[in-house]
Amino acid sequence: MAVKAPPKCPPPADHPLLEKLRTALGDALLSHGVTPEGHLCLMVPPGKVREVAAKLKELGFDHVLSLSAMDYMAEGKFLVMYVYASYLNPDLKNQLLHVRAEIPRNDPKIASIADIYPSADYDERECHEMFGIWFEGNQHMGKRFLLDPDCCIDEKTGKPLYPLRKDFKVPDWGLMG
C-alpha cells in the first residue's frame, strides 16, 4: 500500500507577515501557506535560498531554529525545510517562518546559508549525512559529523549510504539472531 506524501506547504491563508515578505522577496516567493499553528510557510526556488536568507536577516529574523529535509522519493525530489525565528525583534518574537525549497533527488545540491546564519551549520551537516544533500559553500561537507566513520558505507562501492532516505536498506549486522 502506497503512503500518501504530506503536502510540501500548508494551504494558502492570510497572515500578518505575508505582504511585508511578498514585497521584500519579490519573485523569490513562489507560493505560501499557513500551518494549523498559524506559522507562515513560503516556497522559494532553490537557487534563491541565500538571497531569501539574507533578506530575512535584514527583516529581523536573527537565527535558523531548524533545518531539515524530507524525501519525496516518488517525485524524485527532496524538500529542504528551514525554520527562521527571532529572539531580538519584538515584532517577530512569536513568529516561526517556514521556508522550503525543492531540489532534485538525483543531484541534491543547494547553497549553504551557514555563513549568513551560523546556527544552520550543524543542521546542514546533519542533512548531508542523513540524506546526502550537499550544501554548497559549507566547508564541512563530506566529513563525518554524527555517524560512526565505518557506518553506512556500501561494502561493494565504498560510497556512503544515507540512512534517512526512503530507499535506505538497514544492513544485516547479524544482531537479530
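UniProt positions are given in the numbering used here, with feature names shortened, and its annotations may be inferred rather than shown by experiment. In an unreviewed entry, UniProt lists residues 43–171 as "domain: NADH:ubiquinone oxidoreductase 30kDa subunit". This is a predicted model, in which local features need pLDDT of at least 70 and side-chain atom pairs count only at pLDDT 80 or more, while totals for chains, interfaces and linings use all residues. Residues are numbered from 1 along each chain as its sequence is written, and side-chain values use heavy atoms, leaving out hydrogens and water.

**Listed domain**
- Over residues 43–171 the chain is 17% helix and 26% strand, where helices (H or I, at least four residues) and strands (E, at least two) are DSSP runs numbered from the N terminus.

**Salt bridges**
- The structure holds ten salt bridges, each a side-chain nitrogen of Lys or Arg within 4 Å of a carboxyl oxygen of Asp or Glu.
- Arginine 105 and aspartate 167 meet in one of them, at 3.0 Å from N to O; arginine 105 lies in the loop between E5 and strand E6 (109–111) and aspartate 167 in the segment after strand E7 (134–136), so the pair ties together parts 62 residues apart in sequence.
- Arginine 105 counts as buried at 13% relative accessibility, whereas aspartate 167 is partly exposed at 36% (buried means under 20% relative accessible area, exposed over 50%, partly exposed in between, with a 1.4 Å probe and protein chains only).
- Arginine 125 forms a salt bridge with aspartate 121, their closest N and O atoms being 3.4 Å apart, and both residues are buried.
- Lys8, Glu75, Lys77 and Glu102 are linked in a network of salt bridges.
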